[in-house]
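User: I have a new model open and would like to go through it with you. Could you start with the terms you will be using?

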Amino acid sequence: MTSLKGDQGTTRALNRRLILNEIRRQGPTSRARLAEQTGLSPAAITFVTTELLQEGLLIEKGERRPIPLDIHYSGHFVIGLKLMESRLEAVLTDLSTQILARTSLDLPDHQPETVARYAARAREELCQQSGVDAQKLLGVGMGLPGVIDAKSGICLLSGRFGWKDIPIARLISEHTQLPVWVDNDVNAFAVAERLFGSGKNTPNFVVVTVGRAIGSAIVMEGKLYRGRNGGAGEFGHTLSEYRGRKCECGRLGCLEAYASEHSLLRHFQEISPRHHNIQMEGLLKLIDRKNERILNVLEDAGSRLGRNLADMANLLNPDLIVLGGEGVRLGEAFFRPMRLAFRERAFDCVAEDLPIAIHDWGDDAWARGAAGLATEHFFDFEVQPSEGLENN
Ligand SMILES: [Zn+2]
């Protein structure tokens, strides 16, 4: 794919991308309908689809004419990695990010070398578990919290792992012998949502995740907005209270210091001496039992989230907001006050009919999102991997 040169190559790449993405959005589609939808000539459609069929990237579905073409989702596979505080979550998926195998490896430390070594172990385990031939792996996607230069695959900064300017994509590529794409974990989740989730048919949407931290990703005109050096979307560090509580980033009054799971747990431990040791599981039980103190904490945290979310919506006027992260388990005690505060503060024309979708969050959601980073490459021939395509 790197050898594509000149106008012809570019047009060819563009046409391939156009057709693959049309089928991804619409599902199985006939050649005639593809011509109609893409504006390409029937001859061009025949040329490109024949090529894609020969390469095994498309398949013919069914026998009734006109025979619809579909993407050969199970023809290639990718690996998704999510780096957590004490472990590496890994999944093997097909091209639709459908999970075929999963594993979770405990990490002895956060040294980049260690992570790369464990990524190679995960690759081996996943291939064994799923029976997928390693030759059919297209690459690895990895998501981690922090500021990532996705182009170079360098982690510019990750406070949680103490990383600065780490060429993590290159390290993992050396160990796994695969092309590697690395991005911020919330960006990775947004990419997967754009490909196969609720953002599939929506060019402008915002993803906000609530968990250990609060993150966001912005998709505008169908593309992830990364900002100048990958730092866009630091929604968790927008202001909730001037000179308020101290945030992990060192500043005062960030939204994250009030509304992340971590913060509201800590806050509850402080105000309820009986529960000074309580952990998330216990807290969820108290929510179930409608403990008044915790409901108040959630109301405060949810309202704060809703207010800043309204600011973001007023700024970007998106078609959709997707909420994800472990925090979705906090449920309506958190989201009801969030919606109320949102409606109070967002402009009517912005908030009217704006769907706020709460993602049905599972343990695999982060790793599956990361797999989307590698899958995206399949649908976008101009995207270069962070590391390792030369070897492929
Ligand atoms: Zn902060």
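Analyst: Buried area, to begin with, is the accessible area (1.4 Å probe) that two parts lose on being put together, summed over both. This is a predicted model, in which local features need pLDDT of at least 70 and side-chain atom pairs count only at pLDDT 80 or more, while totals for chains, interfaces and linings use all residues. Residues are numbered from 1 along each chain as its sequence is written, and side-chain values use heavy atoms, with hydrogens and water left out.

User: OK, which domains is the protein divided into?

Analyst: The division gives domain 1 (6-71), domain 2 (75-191 + 365-391) and domain 3 (199-358), with bounds that come from an automatic or database domain assignment.

User: And what area is buried between domain 2 and domain 3?

Analyst: About 1200 Å² is buried between domain 2 and domain 3, and carbon and sulfur atoms give 56% of that area. On the domain 2 side, Val186, Asn187 and Ala190 lose the most area to domain 3, together 34% of what that side buries. The centres of the two domains, taken over C-alpha atoms, are separated by 26 Å, and the contact (heavy atoms within 4.5 Å) takes 13 residues from domain 2 and 17 residues from domain 3.

User: What does Thr209 touch?

Analyst: Leaving out residues up to four places away in sequence, Thr209 touches Val186, Phe189, Ile214, Gly215, Gly324, Gly325 and Trp366. Thr209 lies in strand E11 (residues 205-210), where strands (E, at least two residues) and helices (H or I, at least four) are DSSP runs numbered from the N terminus. Thr209 is buried, with a relative accessible area of 3%; buried means under 20%, exposed over 50%, and partly exposed in between (1.4 Å probe, protein chains only).

User: Switching to the metal, which residues coordinate the zinc ion?

Analyst: The zinc ion is coordinated by His237 (ND1), Cys247 (SG), Cys249 (SG) and Cys254 (SG), at 2.0 to 2.3 Å. Donors here are N, O and S atoms within 2.8 Å of the metal (3.2 Å for Na, K and Ca), and since water is not among the atoms, sites may look incomplete. Along the chain the donors follow the spacing H-x9-C-x1-C-x4-C. His237 and Cys247, 10 residues apart, are both in the loop between strand E13 (223-225) and helix H7 (256-259).

User: Why is the arrangement tetrahedral?

Analyst: The four donor atoms subtend angles of 104 to 116° around the zinc ion, and therefore the arrangement is tetrahedral, a label that requires all angles of four donors to lie between 85 and 135 degrees.

User: How many disulfides does a search of the whole structure find?

Analyst: The search finds zero disulfides, a disulfide being a pair of cysteine sulfur atoms within 2.5 Å. Cys155, for example, cannot form one because its sulfur is 16 Å from the closest cysteine sulfur, in Cys249, which is too far for a bond. Cys155 is buried, with a relative accessible area of 0%.

User: Last topic, the backbone: which peptide bond is cis?

Analyst: The peptide bond from Arg65 to Pro66 is cis, with omega near -10°, and Pro66 sits in the loop between strand E1 (58-60) and strand E2 (69-71). Glu221, although not a glycine, has a positive phi of about 50°, and Glu221 is exposed at 67% relative accessible area.

Methods:
Four donors count as tetrahedral if all angles lie between 85 and 135 degrees; four count as square planar and six as octahedral if opposite donors are over 155 degrees apart and all others between 65 and 115; anything else is irregular.
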